[in-house]
Amino acid sequence: MALTPQAFIAKWQNSPIKERAGAQAHFLDLCRMLDEPEPADVDPTGKDYGFEVGATKTTGGNGFADVFKRGHFGWEYKGTKANLDDAFAQLQRYAVALDNPPLLIVSDIGTTIRIHTNWTNSVSKRYDIAIADLADPVKRGWLKSALSDPEALRPTKTRQELTEEVAGEFAVLARSLRERGHKPEEVAHFINRLVFCMFAEDVKLLPDGMFTRMLDQALGNPTEFEDFARVLFAAMTKGGRVGFELVKWFNGGLFDGDLVFALTRDEVKIVRKAAGHYWGDIDPSILGTLFERGLDPDKRSQLGAHYTDREKIMMIIDPVIVDPLSAEWDAARLAIAALLERGREADEAAKTIKGRKGAARSGQATLAIGQAQQLLDQFLKRLRAYRVLDPACGSGNFLYLALKALKDLEHRAQVEAEALGLPRQFPEIGPEVVSGIEINPYAAELARVSVWMGEIQWMLRNGFAAAENPILKPLDNIECRDALMSWAADGSEEGGHWIEAEWPDADAIIGNPPFLASRKLKPDLGDDYVDALRKVYKKTVPKGADLVCFWFAKGKASLDGRTERLGLIATNSVGGGSSRKVLDQLFAAHFAFSVWNKESWTVSGAAVTVALVCISKTAIEPVRLNGSPVNGIYSDLQAKSASQGAELSLSRKLRENSNVAHQGVVARGALNKAAAKLHKLPPADFLIGADQGRAMLLESGNPNARPNSDVVVPFLIARDVTRRNSDRFVVNFGELDEESAALYEKPFEYLRPVMLHRAKMSQPDALARWWQLWRPRPEMAAALSSLDRFIVTPGVSKHRVFVWSTWPVLADHALVAIARNDDTTFGILHSRFHEVWALRMGTALDDRPRYTSTTTFETFPFPHGLTPNIPASDYVSDPRAMDIAVAARRLIELRENWINPPELVNREPDVVPGFPDRILPVSDNAAKTLKKRTLTNLYNARLPWLQKAHKVLDDAVAAAYGWPSDLTDDEVLAKLFALNQERAADGAEKTAPDARIKRPRKAVAG
């Protein structure tokens, strides 16, 4: 029967009925007033919607909630005018047992109903409804939504959005303080203090509104801010008073010293605006990252960049920490449940024998309960002794989420054990279970602040009081130091030497070590440091490995000891080249059980593709790659397939392929833009635009009577292959000495600014040969200069495409130049067989496959008799070679007609005979059309004629191998791997003809 709001108010307002007697009747009357079905009508079982949901609690009372509706709310009732804060804390403590409903509702019988939102990723909101106000349709609407549509009450702002807002505001303050001459590290420390004060105020650890009241007072007279803040910080250091108000003991190191800055009125306004947010909802998993960008001048430009969200981080924490410990608890819980059931059965049997209900507990029951308690205690002891290390912890996002995961598991175990009938203990896991190493002092302190805030948030959100005396425990377990090397003083003249750094013992190691390619180590870290680093790790990390590999090497050493599991993030190129040798050692000794090899990630504000690599000391099933079960994972981060049956990373380079594929030149004319700006240097480059380059080519009068075309040549970059040719030139003096180079007057003068830049570089040889390309690749010039044409492919591209080029066109380092001029080799390289091999053997840059002269070309087994060490002239008598050549020429012809339709282009000779013709649009409209005619767009579209041309080519190459043309990719890889092993085992490196064989200038039919 329906009930009007007025009738409900008249019945229940200020009702003296006790909680236990009135709760169910009160809720049923609410259902009638709101025209909502009663629990029994929705769920007769009472499991998903009912009263007194949950097992009997040993602490008194029945159920974990007086009313519960799954996916909607948990509701705790109290008597009229009871303390609803206590009721809310009680409900929070058991929310996990109720599957964390989105709403937690507390109510007394006669005066108030409070709805607390409980979504993980939204700011919190409280809806207060007085019983007397239920005649208000808006407030009745809140209650109706709670019962039937909780999403209507979800706050629109996420915790991430709130955290971004406050981080942005404090970045403005940090910049203002630095611009006034304050040291960056002191600015960061000061702002960390302000941040924690606002958080402490909002979670009621500082007296009500104290910090905000202080700011309001300072707005009237900003000169007072410095004294106000100094008094407050001093009180927080040891505990004390501000005026007559008592301040708790915080410290933990954050409030050591009396560092305070005077603030202008505008700066006080910034702090006051930030204080207006509710800091209890700040997300510690991203707080540190965002603040680090705002507080560290070197990271200012990243402030608006995306951060790595918690879901990504949990892809490491779950398999490394949560899953194994959860499995341990599940096993313990089942054993505990069985023991307690045995105890209950023993009690029932004893009562039956004695014939009375009040019989004392039987000895068997006491023993079973004691054993169950012992199992719980053992698991909790194991959990509380568990240690997690992040040896590159940055600003603490991994550490915070690891701490939260361990606290959640302890809490879950306690609640579930209580549901089975065991008494509950106070949560003991705290920040001491996580350790971090971070070389950046900004980040290290932010890591401590993030962990402190996360610990306090967790306690309050789960219905517990924050620890006190002090509130902030010292976090010496988050160290500011180098994670890889330590300086050992020895009293010698040098003062000491570098040794390998020690890591704290840990059961699990997680983290996101710095991404730095091998070639960038010395420019970024300095020659001396990198030389010392490589010397210290020479037995475990080969030269050429990326920086992240040093963490994997130390991770292996930890797995050899106490550590149970390791989970690190790396660039997805870690599975190739020299870096893979580190993983070879790791995977040989331990077990890769969860790998994501192409996951998007945010690094320094840029989205990249990375690998998430999880390793265990013991074998784990199932093994997963990118979330799917596989037979195994090899050190190249690829799955072992059932048909493949072998590890392709064991493929060997073949002598028959040597000295054929070459990486292009590296120019490196200038420092990076930031360094150039710092040193106030002019632009400098080896590259020349089209007009200036042709003007230089037409110049004459060099003292050596030689044309500039000797040293100014067309330049080809990867985008010229995948898109349209950018028409540029490069100054290439090869290995000429400075005196000889100076005889080419205009090109030499053009390079003068390069000398200024290289004088600022850390490598001495940069200046010693400043007029030469950084990597001139003389071996490539020797291999290509005798050919009328050669094959080029981008080092990194979405599609594996090959094109022809001609000497003296110079290939950039982002290209691989292949010293063959025959259509047969071109066809084999452009076949499906080589593409499958290249994709599997290569690494990747983000989501684009990488092609290298070593791992992809030099390991690839060409068909017998068609290997690159055989002169192309020999192919003429081989019908297999002729079939491939015909198919390759047809593919090239069709592609060229599509990319440069004859009716849309004019071909004009360049200003130097022998240089490639210029391809110019016949009109502006033609130019617009040609812009879209690129190899990338062509292979994106994969037009029917292109598919057919490739099918004909693939069939010809399959016939050359003597294989069916419809092999699966795994079958192709298995056959190619077997052929690679056979060639290597047959002594190919000893018997292969000289790779420097003279090749004919004229292109041959094959």
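A contact is defined as heavy atoms within 4.5 Å. Among contacts in the protein between residues at least 6 apart in sequence, 70% join residues at least 24 apart. This is a predicted model, in which local features need pLDDT of at least 70 and side-chain atom pairs count only at pLDDT 80 or more, while totals for chains, interfaces and linings use all residues. Residues are numbered from 1 along each chain as its sequence is written, and side-chain values use heavy atoms, with hydrogens and water left out.

**Overall dimensions and composition**

- The C-alpha trace of the protein spans about 110 × 75 × 70 Å along its principal axes.
- The secondary structure comprises 36 helices and 31 strands; these are DSSP runs numbered from the N terminus, helices being H or I of at least four residues and strands E of at least two.
- Of the 1006 residues in the protein, 54% are buried, where buried means under 20% relative accessible area, exposed over 50% and partly exposed in between (1.4 Å probe, protein chains only).
- The accessible surface amounts to about 43600 Å², and 52% of this belongs to carbon and sulfur atoms; areas come from the Shrake-Rupley method with a 1.4 Å probe, and for residues only the protein chains shown count as cover.

**Nonpolar cores**

- A nonpolar core is a set of buried Ala, Val, Leu, Ile, Met, Phe, Trp, Tyr and Cys residues joined through side-chain atoms within 4.5 Å.
- The largest such core has 108 residues, of which F190, F196, F225, F250 and I321 touch the most other members.
- Helix α12 (residues 310-354) gives the most to this core, contributing 13 residues.
- Leaving aside residues up to four places away in sequence, I321 touches Y386, V388, A402, L406, A508 and I510.
- A second, separate core of 91 residues includes A667, V801, V816 and W898.

**A four-stranded sheet**

- Four strands form an open sheet in the order β21-β23-β22-β26, with mixed pairing; two strands pair if DSSP finds at least two bridges between them.
- The edges are held by β21 (687-688) and β26 (810-811), each with a single partner strand, so one side of each is left without a neighbour in the sheet.
- Strand β22 (residues 712-716) pairs with β26 in the parallel sense over two bridges, and F715 stands opposite L810 in β26.

**Cysteines**

- The count of disulfides (pairs of cysteine sulfur atoms within 2.5 Å) is zero.
- C31 is buried at a relative accessible area of 1%, and C197 is buried at 0%.
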